Amino acid sequence: MIGFIGIGIMGSRMAGRLLAAGKPLVVHNRTKEKADPLIGKGAKWADSPRAVGEQADIVFTMLADPEAVDAVAYGENGLLNGLNPGSLWIDSSTINPAHSVRLAKDAAEKNVRFLDAPVAGSTGPAEKGELIFFVGGSAKDVEEARPLLSIMGKDIQHKGANGQGTAMKLVNNLMLGQTVAAFSEAVAFGESLGLDKKGLIHSLLEGPTAAPILHFKQHKVLDGDFEKADFKVVSIYKDMELAAEEAYTHNFALPISNTVKSLYGLLKQKGMGEYDFASLYKFLKNDSNR
Ligand code: NAP
């Protein structure tokens, strides 16, 4: 039996892939209603993370942040209290490497194996099984997990020991946050110069400076539909903050990322935390048009 805890934007789609592939699945989510569609398709509901651990040999977690992972992992009804010796816990949440290392250590004390396996790619790739996994942990455990990861992802990259998967993910998301910020500013600025939004986005995306992610994100900016998030402001802000904290302990300044991070922090402060992070465009455009 496979366990899945955290049925949010990403978890619902990833667990859905496992279920569609015929894997027996037991699920739990803090808010039960979000798991109802999966239960309707045959997933079994468990009342607590502990109950998932008791029933599954391999458990995935896909949770918001380090605090959410701790809330699920520890305590009387926590996952670590339910997992059987020899089982495998695969955490796909984006958290900081030091946290992954600590989870791996606490799991090992219970004879539970641990992989940090965060993903690159958003809702589209999650639905199509085209995520990229950055995995930290033992090579043997990665090989055991590979068939399941391959149902959800197109590329399974083993980055090294525990913590190296989440390290790669934080590095990746620094560029993600900066890329979308640069695009948002460029489009808002172009419009302030009198350029047509659709035409200027076309020129940017046809040119050599546009990252592949922008081919997806352009639609949010074109439609102005930011309330239905693929990736929330709070999530990118969290990722860049975790990177900043990790950088502090490594005496690395991250001057560019920290400036961009503050922009997402500002959006959150202004009540836009649940919006898609491309809403930075909306924020910058309003300012530039005063
Ligand atoms: P989401 O929709 O907000 O899902 C977050 C999940 O965490 C939900 O299941 C939520 O439960 C749970 N959770 C939050 N706080 C909790 C707590 N204190 N105790 C127990 N459960 C808690 O976010 P998401 O976009 O799926 O992101 C999940 C992870 O994937 C994050 O680490 C994010 O950075 C990463 N990620 C996201 C994307 C993307 O494009 N969306 C891409 C790559 C990686 P409730 O349903 O009860 O709130």
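Author: Residue classes come first: Ala, Val, Leu, Ile, Met, Phe, Trp, Tyr, Cys and Pro count as nonpolar, Asp, Glu, Lys and Arg as charged, and the others, Gly among them, as polar. In those terms, the shell around the ligand divides into 11 nonpolar, 8 polar and 7 charged residues. This is a predicted model, in which local features need pLDDT of at least 70 and side-chain atom pairs count only at pLDDT 80 or more, while totals for chains, interfaces and linings use all residues. Residues are numbered from 1 along each chain as its sequence is written, and side-chain values use heavy atoms, with hydrogens and water left out.

Reader: Which residues come nearest to the ligand?

Author: A residue is near a molecule if one of its heavy atoms lies within 4 Å of it. Of the 26 residues around the ligand, Asn29, Thr31, Ser122, Asp230 and Lys232 come nearest.

Reader: Which polar side-chain atom lies 2.7 Å from an oxygen atom of the ligand?

Author: A polar contact is a pair of N or O atoms within 3.5 Å. The side chain of Lys232 supplies the polar atom at 2.7 Å from a ligand oxygen, and an N or O atom in the side chain of Ser122 is 2.6 Å from an oxygen atom of the ligand.

Reader: Which helix gives the most to the shell around the ligand?

Author: Helices are DSSP runs (H or I, at least four residues), numbered from the N terminus. Helix 4 gives the most to this shell, with 3 residues.

Key: A polar contact is a pair of N or O atoms within 3.5 Å; within protein, one must be able to donate a hydrogen and the other to accept it, and residues adjacent in sequence count only if both atoms are side-chain atoms. Helices (H or I, at least four residues) and strands (E, at least two) are DSSP runs, numbered from the N terminus.
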